[in-house]
Amino acid sequence: MTGATVLRCESCGATYGDDLPHATCPACDGLLLAEHAPPAVRGAELRALFDSRVVASPGSARERSGVWRFRELVLHAADDAIISHPEGNTPLITRPAISAYAGVDDLVMKHEGHNPTGSFKDRGMTVALTQARRVKARAVACASTGNTSASLSAYAAHAGIPSFVFVPAGQISAGKLAQTIAYGARVLPIDGDFDDCLRLAREAATLGIYLVNSVNPFRLEGQKTIVFELLQQLGWQSPDWIALPAGNLGNTSAFGKALREARSLGLIDRVPRLLAVQAAGAAPFAKAFAEGFVTHHRVRAETRATAIRIGDPASWDRAVTAITETDGRVVAVSDEEIFAAKAVIDHAGVGCEPASAASIAGVQKLVAAGEIPSTARVTAVLTGHLLKDPGTTADSLPATLSYAAAMDVLRRVAG
Ligand SMILES: *Cc1c(COP(=O)(O)O)cnc(C)c1O
Ligand SMILES: [Zn+2]
């Protein structure tokens, strides 16, 4: 495999090498997109190469990681610098009760909550911290609704690079905050919302700290592997739809780029349609979609699904491209619909954090509206683990029972 990765500014068109020590364009602060020299092989040969790397441990971290297995499409030059847990290799799950709820027989869930820190953010962070090491970053920083900070903190510890996270004070779930503190990041709780935190992180970048928010192009490269890996697990047979929750729109953008590349490299011959699902209280993108994407909206975000409580998504334009190119859809679901779906997912023994349940709620909504036929092949991405947000289920903890009262319960069940 030859070639390198080039970073191209989507605003001014400038290009940079893969050793750029900035996350955004040094000339205009625009978003950078990574472009890779095409791998030496394509189509069936490239599928075979990727399949040959699905090896049991022990193997090198590069082979065991569900991200670095696809390295030609992620970051060519990483080699010795790779900071890998390893991550990825998340399961595909089917459960009749969840299929019945959504209204599609062939519903597969890709559970990204099975990543090392419990969310898909690890797939982007392994690449971002690898890159931070390659450019010899003195420190890394991000703004976060929680999962990014947990992941950053773990991977920065692994890389031995000091890390800073800006979080909206009082708005981060206990599980995510506990992880972030435990792994050793410096946590800066901000009196403001996520969008304020993102502005601060961008400020940090002007002081020479390497920014690893989803504006960092390498985060997207890593997150693309959710799609590569699920296609691989499906034998490279595209589903009809891929559903995912959408907040800052980094993942929606990454999925669009992954599908474009998979199609052009002949990994698949048919592109699935993307279904991006927002929480109704944080749905500027769904609103814009309904209007035909003529306006870029911002809202004051409010939802109990904190991972998608974002009012001013950073990756807007790329996500528009992703939805347009895949003939996709964007829908909003209420918190009631999210928590109803979550209850079904949890009671099936699968479990996920609230934001993740939006993808099932969104599928259910489009099936009910007749837009997705019950015969469609649907893959829904569950983005985070149940334990990320214990507060939302701890409300229903039973009251304390005496020994005798507990025995009564058992006797009633035993009949
Ligand atoms: C980050 C995150 C999302 C939203 O992804 P975006 O790229 O911001 O759209 C959804 N669910 C979970 C669990 C997340 O951590
Ligand atoms: Zn630029």
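Guide: Buried means under 20% relative accessible area, exposed means over 50%, and partly exposed lies in between (1.4 Å probe, protein chains only). The model is predicted: local features need pLDDT of at least 70, side-chain atom pairs count only at pLDDT 80 or more, and totals for chains, interfaces and linings use all residues. Residues are numbered from 1 along each chain as its sequence is written, chains are lettered from A and ligands numbered from 1 in the order written, and side-chain values use heavy atoms, without hydrogens and water.

Visitor: Which residues coordinate the zinc ion (ligand 2)?

Guide: Cys9, Cys12, Cys25 and Cys28 do, each through SG, at 2.3 Å. A donor is an N, O or S atom within 2.8 Å of the metal (3.2 Å for Na, K and Ca); water is not among the atoms, so sites may look incomplete. The donor residues are spaced C-x2-C-x12-C-x2-C. Cys9 sits in strand β1 (residues 5-9) and Cys25 in the loop between β2 (15-16) and β3 (32-36), so this pair, 16 residues apart, links distant parts of the chain. Here helices (H or I, at least four residues) and strands (E, at least two) are DSSP runs, numbered from the N terminus. Both Cys9 and Cys25 are buried.

Visitor: What makes the arrangement around the zinc ion (ligand 2) tetrahedral?

Guide: The angles. The 4 donor atoms subtend 99 to 116 degrees. Four donors count as tetrahedral if all angles lie between 85 and 135 degrees. Four would count as square planar, and six as octahedral, if opposite donors were over 155 degrees apart and all others between 65 and 115; anything else is irregular. The zinc site is therefore tetrahedral.

Visitor: What is the strand order of the sheet that holds β1, and how is it paired?

Guide: The order is β2-β1-β3, in an open sheet with antiparallel pairing. β2 and β3 are the edge strands, each pairing on one side only. Two strands pair if DSSP finds at least two bridges between them. β1 and β2 have 2 bridges, and Arg8 has Thr15 in β2 as its bridge partner.

Visitor: Why do β4 and β12 count as edges in the sheet of 6 strands?

Guide: The order is β4-β5-β13-β10-β11-β12, in an open sheet with mixed pairing. β4 (92-93) and β12 (329-333) each have a single partner strand, so one side of each is left without a neighbour in the sheet. The partner contact of β12 is parallel: 5 bridges join it to β11 (residues 273-279). Leu275 stands opposite Arg329.

Visitor: What kind of unit do β7, helix α6 and β8 make?

Guide: A right-handed β-α-β unit, with α6 at residues 174-183. A crossover is right-handed if, with the strands pointing away from the viewer, the path from the first strand over the helix to the second runs clockwise. β7 (residues 163-168) and β8 (residues 186-190) run parallel, joined by 5 bridges. Phe166 has Leu188 as its bridge partner.

Visitor: How do you know that α13 has the span its 15 residues should give?

Guide: The expected span is 1.5 Å times one less than the number of residues. For α13 (residues 354-368) that is 21 Å, and its end C-alpha atoms are 21 Å apart, which agrees. α13 is mostly covered, with 12 of its 15 residues buried.

Visitor: Why is α8 called largely enclosed?

Guide: 16 of its 17 residues are buried, so the rest of the structure largely encloses α8. Asn216 caps the N-terminal end of α8 (residues 217-233): a side-chain oxygen lies 2.8 Å from the backbone nitrogen of Phe218.

Visitor: What makes Asp29 partly exposed?

Guide: Its relative accessibility is 41%, so Asp29 counts as partly exposed. Asp29 has a positive phi of about 65 degrees although it is not a glycine. Lys136 also has a positive phi, near 55 degrees. At 71% relative accessible area, Lys136 is exposed.

Notes: Polar contact = N/O pair within 3.5 Å; in protein donor to acceptor, adjacent residues only side chain to side chain.
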